[in-house]
Structure formats: structure tokens, C-alpha cells
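These are my notebook entries on a single structure. I went through it one element at a time and recorded what I looked up.

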Amino acid sequence: MFDPRLCLSQLESVIPTSIIDQWNAEAQLLEPSAGRVGDDPVGREDLETRISEIRWITPRKQLQLYTKISNTILSIVDAEMHNFRVDIYRTLDLQYTTYYVNNFYTRHVDMNIASARNAKQPMNRKLSMVVMMSDDNEYAGGDLIVGNKTISRRKGTMCIFFPFVPHEVKPVTEGVRRSLVMWANGPEWR
């Protein structure tokens, strides 16, 4: 379902649970690090803005997993591109994110067009995407809110939105919440 007020597509259970379970098993074997914030590639730790654990899935280190995920995600994105009308490159940045009790990510944007234009190395994110990797009964709290819309927590649900739309993950109050966060880059914004 596309919401033009938010430039948001929410695709309920679009990825089968069996595939999500395979991705979870493989991603959890990767080395975790603390979630970071900031415009530069490394970012900085900011415990008032974000507390989470992340694992990067890269073609350089996990080619097979990266290829499986990106091929699946890009086929879904292709079917939704009529809603967004942006040019994207055929590669994705993939971040597997885990939120434990009291973990959160405050309201933020994934790209600020004005600061991207002024940056030495502009980050030209065109789309942000989130896939729910946990069953909604595995955790409490932890809602993803994009704009003012609470996204379905159902495992396999994918949300696609412009990176300048404010969004947040509310604090997890029970259990563990897992998600796959991705960005599609493209030519410079005009």
C-alpha cells in the first residue's frame, strides 16, 4: 500500500518467513558493533540518539548472503519504483540491526539534501528500506514509525520511503527486535 502523503510503501509480509529465517541465521554469525549516527561513513556513538547492535552485510565480505538479499530486495523495489520516480544504482547498503530491551533510535532522517549538497563526499541516498526480521510476538515496544505512521511489525513486511522522511524506532520494552535496513543510492539530487 502506497501512502503519497509520506511517499511510503508498506508491503505486508512480502518476503516469506522461511527466507527471513535463513537471512537471520546467516546475519547473526557476523561480527556485531554498536549502532552509530552521523553523516560521515564511520559515524559516532551517541547513546542519547541510538542504542542498537549492527552487522554490515557487504559484497566484499559476505558475497553470497549479500547477493541473496539484494536480489530479493531489488526485485521488490523495482515493482514499487512507479511510486517513487527516482533513479537508483543497482547496489544497496545492508545493515542488520538488533534492538534489545531499552534499545531505540530517536526520530531522524537518513539523508539531509542540503547537507549532502555541501558535503565533500555527498551521500545521495534515494530510498530507505526496512524489513521486519522478527515475529511481532518476539518483542514488545520497538515500533517503527515513519512520518506519523506506525509500520506493521509482521515478519517479512517491507517499508520503502524517501530518506528525508523522519522516522524512529521506539524503545524495546521486552524481547529482541531484528530488522534489515537498506539504502539505495543514486545520482546526485537535483
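Entry 1, Thr97. I listed the contacts of Thr97, leaving aside its neighbours within four places in sequence, and found Arg50, Ser52, Glu53, Ile54, Arg177, Arg178, Ser179 and Val181. I note that the model is a predicted one. I placed Thr97 in strand E6.

Which residues of H1 (residues 17-27) are buried? I noted Ile20, Trp23, Asn24 and Ala27. These residues lie on the same side of H1, because the arc they cover around the axis is only 100°. I then asked what covers the buried residues of H1. The cover includes helix H2 (63-84) and the strands E5 (53-57), E6 (92-99), E8 (125-132) and E15 (177-185).

I checked the course of H2 and found a bend of about 40° at Asp78. For its buried residues I wrote down Leu65, Tyr66, Ile69, Ser70, Ile73, Leu74, Ile76, Val77, Glu80, Met81 and Phe84. After H2 comes Arg85, for which I recorded a positive phi, near 50°.

The partner I recorded for E2 is strand E12 (residues 158-161), with antiparallel pairing over four bridges. Within this pair, I found Met158 of E12 opposite Leu11.

Entry 5, the open sheet. I traced an open sheet of five strands, paired antiparallel, in the order E4-E7-E13-E10-E11. Its edges are E4 (50-51) and E11 (149-150), each of which pairs on one side only. How many bridges join E10 (residues 144-146) to E13 (residues 167-169)? I recorded three, with the two strands running antiparallel. Here Leu144 stands opposite Val169 in E13.

Methods
Residues are numbered from 1 along each chain as its sequence is written. This is a predicted model: local features need pLDDT of at least 70, side-chain atom pairs count only at pLDDT 80 or more; totals for chains, interfaces and linings use all residues. Side-chain values use heavy atoms; hydrogens and water are left out. Two strands pair if DSSP finds at least two bridges between them. Buried means under 20% relative accessible area, exposed over 50%, partly exposed in between (1.4 Å probe, protein chains only). The arc is that of the directions from the helix axis to the C-beta atoms. Contact means heavy atoms within 4.5 Å. The bend at a residue is the angle between axes fitted to the seven residues ending there and the seven starting there.
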